[in-house]
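Good morning. Please look at the sequence and the model on the screen while I go through a few of its parts.

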Amino acid sequence: MVYTGSESPVVEQAGEGAVDLRTRLIGSLDGAGILTPRDDEDHAVSYSLTADSTGQWRIAELPDGILLPEPVFGQEFSAYLLHFLSLDRERAVPELRWAALRTAAPALMRLLLGGPSDWLAPGADTLVPPGLRLLGGLDAPLPADGAVTVSVSSEAAALDSTGRALLVAQIERTLTQVAGIHSVSVRALGDGEDPRDADAGTALGGAADLDAAPGASGQAIGMSGGNVVRGLSTARETLATSRALGTTSARWPDVGADGTIVALAGRSMLLLAPGRSVASVIHSVDDESAGQTAGGDQAGDGDQADGGDQAGAGQSGGGMTPPVIDRHGWTWTAARGEIVVLNRAGLRADLAAEWLVGSRVLALDVSAESERLVVRRLVDGETADRVEAAVIVRDARGLPQRLGPPLTVPGAGGTRALAWSDPVAVAVLADGGAGAPDVKQIQVGGTAATIPGLAGAVELTANRTDGLVLLTDSAGQVWHRNDGTWRVAATDLQDVGYCLA
């Protein structure tokens with residue numbers, strides 16, 4: 001249990017042979033390495049006391065757990081990423097867990113072998129065989145050269161070559177975060193084989209190449225002069241002209257891995273397919289027939305975009321939120337408060353998400369590996385909005401089928417904009433002091449950091465990989481943060497974003 005370090009706990013005598021300690025609790029860490037934020041202003045812990053033979057008071061009974069001030073917790077524990085797999089086993093899906101610094105390596109292996117948390121498990125895979133055990137290789141001190149050989153039980157030897165490579169990738173990506181570990185090899189030991197014998201066991205080979213964030217940290221895209229462009233500087237690449245889009249007022253573009261471009265125009269979504277010279281309307285919030293699902297009749301290319309449509313979607317207008325094309329080719333948006341997921345033909349995925357019933361989705365974003373969603377929503381009857389993360393459950397073709405259970409992103413409600421900023425953190429533009437909004441980087445399952453925002457900031461985007469955040473102000477200027485200062489990056493670019501292509 002972690003309490004605030006800004007003030008000392010209050011210790012009071014509570015009758016004969018007892019002492020109460022009261023403090024403000026701000027978080028608790030469980031045995032699975034999951035940190036749960038708490039805001040218990042009057043947390044009480046009781047200690048029973050007894051006098052020894054010399055009359056000196058001693059603690060007779062301790063409550064469960066350890067109570068640490070926040071600064072000490074930060075010195076003794078650290079956050080790490082456990083690396084699981086997407087259901088198609090093409091990407092790493094990270095989950096943040098906490099471990100004590102002194103025992104981080106064996107603790108992380110134990111947590112990795114335990115599998116993903118309940119909220120992530122429906123849409124994440126692991127190549128850890130049932131019953132797999134850590135047998136050695138992570139005992140302190142670590143080798144001076146940082147090359148660690150991890151010994152696991154014989155279940156790993158039963159995996160085929162692909163499975164072995166994926167298991168090694170999970171272990172290697174997880175353990176190389178630990179200070180002093182630079183490379184990892186894994187071997188499976190049979191019954192009776194000694195982990196101290198360097199020649200024992202079966203080597204599992206090299207790690208699979210899992211691209212955790214394909215292209216997500218590339219150049220930003222946006223709208224300039226009615227065209228879809230890539231790059232913040234004046235030397236930009238034009239990806240689609242206003243003529244191809246059929247309108248000079250398209251907004252909020254995104255580009256898929258195959259070069260497909262989507263954008264919003266008024267209350268419609270446009271799609272410009274690779275090799276095509278004219279965009280089509282694939283969805284409209286006024287089109288009741290747009291509810292046809294991807295399992296139904298094949299749709300055509302749609303109608304040519306109406307050049308007279310007025311854009312106005314943005315973060316909150318025009319009926320749809322900025323679209324995001326995931327790596328599987330599905331486009332995500334929210335329309336009329338509901339999540340809409342479309343393929344290139346405009347057919348809608350029948351996405352099940354029971355926890356969204358009775359609420360209105362205000363914003364969303366897809367994570368770097370395309371397997372997790374962050375959602376901002378307003379529940380009917382509530383005045384404050386919620387921000388939650390959930391895993392996307394897909395079939396073998398990558399078709400989104402449902403969302404896993406939600407995990408609250410604490411402290412993110414009441415935001416003006418949000419985006420994934422790194423593999424396990426969400427950046428939000430929140431109300432701040434001194435007339436300027438704050439930018440919060442909130443870890444899913446971790447802590448939050450706040451930096452001063454920018455006066456007049458109205459939009460936020462992030463590249464989903466390394467914490468880079470861009471702000472757009474009410475005058476249309478795009479800003480990035482460099483050396484602790486916000487600096488202008490572009491003055492003639494709007495609706496800036498980063499692609500998952």
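Which residues in H2 meet which residues in H3? Ala 105, Leu 108, Met 109 and Leu 112 are the ones in H2, and they meet Gln 170, Ile 171, Thr 174 and Leu 175 in H3. Contact here means heavy atoms within 4.5 Å.

Before I go on, some ground rules. This is a predicted model, in which local features need pLDDT of at least 70 and side-chain atom pairs count only at pLDDT 80 or more, while totals for chains, interfaces and linings use all residues. Residues are numbered from 1 along each chain as its sequence is written, and side-chain values use heavy atoms, with hydrogens and water left out. Helices (H or I, at least four residues) and strands (E, at least two) are DSSP runs, numbered from the N terminus.

Back to the helices. Two packed helices are described by the angle between their axes and the distance between the axes. Helix H2 covers residues 104–113 and helix H3 covers residues 161–175; their axes come within 10 Å and cross at roughly 140°. The axes are lines fitted to C-alpha atoms, for helices over the stretch in contact, and angles run from 0 to 180 degrees between N-to-C directions. The crossing of H2 and H3 is right-handed, meaning that the near helix is turned clockwise from the far one by less than a right angle. By class, the contact of H2 with H3 has six nonpolar, two polar and no charged residues. For these classes, Ala, Val, Leu, Ile, Met, Phe, Trp, Tyr, Cys and Pro count as nonpolar, Asp, Glu, Lys and Arg as charged, and the others, Gly among them, as polar.

Next, the sheets. Strands of a sheet pair through backbone hydrogen bonds, either parallel or antiparallel. Two strands count as paired if DSSP finds at least two bridges between them.

E34 and strand E35 (residues 469–473) are joined by five bridges, and Ala 457 stands opposite Asp 473 in E35.

Another open sheet of four strands runs E16-E15-E14-E38, again with antiparallel pairing. Strand E16 (237–240) and strand E38 (494–497) each have a single partner strand, so one side of each is left without a neighbour in the sheet. The twist in this sheet averages 35° from one strand to the next. Strand E15 (residues 227–230) pairs with E16 over three bridges, and Val 229 stands opposite Thr 238 in E16.

There is also a hairpin, formed by E27 and E28 with five residues between them. Three bridges join strand E27 (residues 386–394) to strand E28 (residues 400–403), and the two run antiparallel. The bridge partner of Ile 392 is Leu 403 in E28. In the turn, Gly 398 has a positive phi of about 90°.

How many cavities of 30 Å³ or more does a search of the whole structure find? The search finds one, and the volume of the largest cavity is about 360 Å³. On a 1 Å grid over the protein atoms alone, a cavity is a set of points where a 1.4 Å probe fits but cannot get out, and a pocket is an open set with protein on both sides within 12 Å along at least five of seven lines; lining residues have an atom within 4 Å of a point. Grid points are joined across faces, edges and corners, and a volume is the space filled by probe spheres set on the points.

The largest cavity is lined by 26 residues, and Trp 252, Pro 322, Thr 461, Val 496 and Gly 497 are the closest to its centre. The lining of the largest cavity has 16 nonpolar, five polar and five charged residues.

Last, the largest pocket holds about 460 Å³ of space. Its lining has 18 residues, and Ile 26, Pro 37, Glu 70, Gly 446 and Thr 447 lie nearest the centre. E4 gives the most to this lining, with four residues.
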